[in-house]
Amino acid sequence: MSGRLRLVLATRNTKKVPEMAAILAEAGVDAHVVGLDEHPGAPEVAETEPTFTGNALLKARAVAASTGLPAVADDSGLRVDALGGMPGVLSARWSGRFGDASGDKDLANLHLVLDQLADTPDERRGAEFVAAAALVVPGGEETAVEGVMRGSIIREPRGANGFGYDPVFVPEGGDRTTAEMAAEEKNAISHRGKAFRALAEEIRRIS
Ligand code: IMP
């Protein structure tokens, strides 16, 4: 590729665009990152795959095909050891409530996991956040990477930052939840931070 790389991030979450742009800049990639707000015609893709990587590739392929530009997509969730790796790809809809982007859904999901683990002793409350990030170049390369953050599920929510299951997740080696951390602190160790940084290396290779 020559000239400044223009990348579409397959998200309507405007916070993810500057996050990705900063990670690319740190990796030495000169790219202009835009979100789907600049490509409103791009399709809304259902996350139908059984894996995070499958879903990230599905979304990146659809956006690359519709925009004609290299596209990046991510998919993430929580895997709880005592639940056999669930909620996994069902993390966003674990409590069965669809189409509600408010914090209520996050809260219902989090309380369902706490209830399910009510009788699980501390030593078996291990869990991990996982994120897959995929890059699809129209008519060309496809690549996907994963990032993992290990930790455990506590018994009562703590902290007001972040989203989703953050108030009940304590990363390994620490004693605060990811909802008690500043965004930069979480990004430095998080599944998504790791996946985006690994993808930035791949993007640097092809740019
Ligand atoms: P998606 O990648 O936007 O589909 O998010 C999947 C779901 O996984 C979210 O709705 C959250 O419930 C959960 N999740 C993913 N990453 C995080 C995180 O960093 N903190 C808390 N919850 C997360």
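I began at the ligand, where a polar side-chain atom of Lys-186 sits 2.7 Å from an oxygen atom of the ligand. I treated this as a polar contact, a pair of N or O atoms within 3.5 Å, where within protein one must be able to donate a hydrogen and the other to accept it, and residues adjacent in sequence count only if both atoms are side-chain atoms.

I noted that this is a predicted model, in which local features need pLDDT of at least 70 and side-chain atom pairs pLDDT 80 or more, while totals for chains, interfaces and linings use all residues. I kept in mind that residues are numbered from 1 along each chain as its sequence is written, and that side-chain values use heavy atoms, with hydrogens and water left out.

I then returned to Lys-186, which lies in helix α4 (residues 183-189), helices being DSSP runs of H or I with at least four residues. Lys-186 is buried, with a relative accessible area of 10%, where buried means under 20% (1.4 Å probe, protein chains only). Its side chain also makes a polar contact of 2.9 Å with the side chain of Asp-166.

Terms used. Helices (H or I, at least four residues) and strands (E, at least two) are DSSP runs, numbered from the N terminus. Buried means under 20% relative accessible area, exposed over 50%, partly exposed in between (1.4 Å probe, protein chains only).
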